[in-house]
Amino acid sequence: MDGVRIKNDFYNNHTNDLKHQIAQLERKTATIPKLENQLHKAKNQNKVLRRESALFPSASCADVSRVEDQKVKTLRNELADLKLKLRQLEDDNKEKDMENDRLIQENRTLKREKLKLINCFKTQMAEKDAIIRELNDEVVDLRGQIRVAIRVRDFERDGSSNFSIISQNEVQLQQTTGQSNTYSFEHVFFPPTAQSGVFGEIKELIMCALHGKNVCLIAYGPTGSGKTFTMRGEDSADSEGVIPRAIRFMLEQSKRDLAMIGWNYKFQASFIEVYNEEVYDLLDGKQKLEVKINGSKTNVVGLKKIEIGNISDVDVILNLADSQRSVASTASNEHSSRSHAIFQIFVDGQNASGEMVQCCLNLVDLAGSERAKETQARGKQFTELTNINQSLSTLKKCIRAQMTKMSHVPYRDSKLTMVLREYLGAGSSKTMFIAHANPRDVAETKRTLEFTSELRSTNLGKAVVQTGQKL
Ligand SMILES: Nc1ncnc2c1ncn2[C@@H]1O[C@H](COP(=O)(O)OP(=O)(O)OP(=O)(O)O)[C@@H](O)[C@H]1O
């Protein structure tokens with residue numbers, strides 16, 4: 001029995017061993033697919049490595065690694081260089097920024113100093129301008145409110161012996177009777193006085209207009225004596241007359257010196273013709289205009305005013321007026337003006353502190369005085385001459401009435417004096433006559449000299465600054 005039990009135990013033990021071994025085998029078998037998978041992957045990696053090594057047939061892995069190392073080293077060096085350069089540039093930039101800041105600061109300081117200087121300069125200029133204005137006005141006042149100069153045209157070239165110049169202020173006229181008369185004026189423009197010389201003498205009057213005073217400059221004298229030549233002049237720069245020169249002067253003064261001290265000006269021009277006691281607008285197709293007097297104001301109804309911004313505007317205005325003016329051929333002048341021409345520049349000025357001036361500069365080219373009997377004018381020419389002489393005679397009467405402080409001044413007796421009324425008026429205007437002498441017309445020249453030299457004694461009082469209304 002014991003033998004059987006022993007055998008059983010042996011078999012049982014042996015069976016357990018076998019079961020254990022089988023279980024172990026089964027576990028190992030289960031890992032086979034995983035190992036196969038790993039093997040497959042290893043084979044694939046091997047293939048890749050072989051392909052890559054085929055690209056570097058002659059280089060071993062160590063060679064490849066050395067090359068790569070070298071590349072990395074070079075790149076590192078380049079990077080280090082770039083970093084160095086970047087640092088240098090940053091340093092440079094910092095320095096430049098600092099320099100820039102310093103310059104900006106310096107610039108600000110300079111600008112502040114410059115502004116201070118400009119303001120100081122402007123104040124000084126404004127003070128000096130005020131003094132100059134006062135002095136200019138005093139000089140003009142001292143010379144009288146009505147001033148008279150005379151221009152004698154080329155009498156020497158004519159060979160005329162009836163005229164002689166005694167001094168800077170006096171001329172002598174020898175009459176056919178043998179009698180000689182001496183006439184005195186503020187200034188004698190004897191030939192050959194250039195146009196610029198004439199303008200130089202009247203410049204201060206133009207300045208008065210910029211300072212706000214009404215100014216009237218009148219060319220007076222016999223026909224053919226050079227009135228239009230003085231006022232309008234001719235085309236070349238040297239022979240330009242008072243009108244273009246006055247406008248250029250006003251534009252220059254207003255845009256330069258006066259602008260610097262804060263004055264701002266606006267100029268407008270009008271051009272009136274008084275022909276046969278009618279008033280025409282030379283800038284508006286010779287429209288006939290009505291003149292109305294309202295209290296102390298004269299109104300030329302509908303008068304066209306053209307703004308003058310620069311000197312080229314003047315050429316346009318003068319050419320327009322020239323094409324419309326009434327001229328005729330007379331015994332003394334092939335292109336005689338049969339009308340009075342009144343060129344007006346309306347001045348509107350304002351300065352930075354609100355001071356204002358509003359006045360008018362009148363540049364008047366009167367028609368030539370002639371005697372109908374002496375010229376034997378007929379028909380249309382006779383009518384023209386009668387009207388010219390009637391208006392000139394009214395002008396004389398008005399001036400004489402002012403001189404003698406008469407209560408009634410007959411402005412309304414002619415269109416010429418109606419239009420000029422405000423600008424010839426006592427206390428509000430500066431007037432200058434430029435008498436013209438024509439040595440070929442002794443009788444009419446004598447009448448001109450008598451009337452104009454009589455005006456020399458006139459002093460109608462101080463001119464008044466016209467402030468007008470705000471622009
Ligand atoms: N000072 C001068 N120098 C050169 N030429 C002159 C001078 N004065 C006048 N003349 C010339 O004499 C001519 C007549 O002059 P202008 O027409 O100016 O006279 P006026 O007095 O206006 O005559 P009117 O009253 O008949 O119109 C013109 O050809 C002009 O060029």
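Start with helix 6 and helix 8, whose crossing is right-handed (the near helix is turned clockwise from the far one by less than a right angle). To find them, select residues 242-255 for helix 6 and residues 311-322 for helix 8; their axes come within 9 Å and cross at roughly 155°. That makes helix 6 roughly antiparallel to helix 8, a label for angles over 145 degrees. The axes are lines fitted to C-alpha atoms over the stretch in contact, with angles running from 0 to 180 degrees between N-to-C directions. Helices here are DSSP runs of H or I with at least four residues, strands are E runs of at least two, and both are numbered from the N terminus.

A word on ground rules: this is a predicted model, with local features needing pLDDT of at least 70, side-chain atom pairs counting only at pLDDT 80 or more, and totals for chains, interfaces and linings using all residues. Residues are numbered from 1 along each chain as its sequence is written.

Next, pick G226, in the loop between strand 6 (214-220) and helix 5 (227-231). G226 is buried, with 23 other C-beta atoms within 10 Å (buried means 20 or more, with C-beta atoms placed from the backbone). Beyond its neighbours within four places in sequence, G226 is in contact with R151, R153 and H436, contact meaning C-beta atoms within 7 Å.

Now hop to T228, in helix 5. T228 is buried too, with 24 other C-beta atoms within 10 Å. Sequence neighbours within four places aside, T228 is in contact with S337 and D365.

Definitions and conventions: Angles under 35 degrees count as roughly parallel, over 145 as roughly antiparallel, 65 to 115 as roughly perpendicular and the rest as oblique. A residue is buried if 20 or more other C-beta atoms lie within 10 Å of its own, exposed if 12 or fewer, and partly exposed in between; C-beta atoms are placed from the backbone. Two residues are in contact if their C-beta atoms, placed from the backbone, lie within 7 Å.
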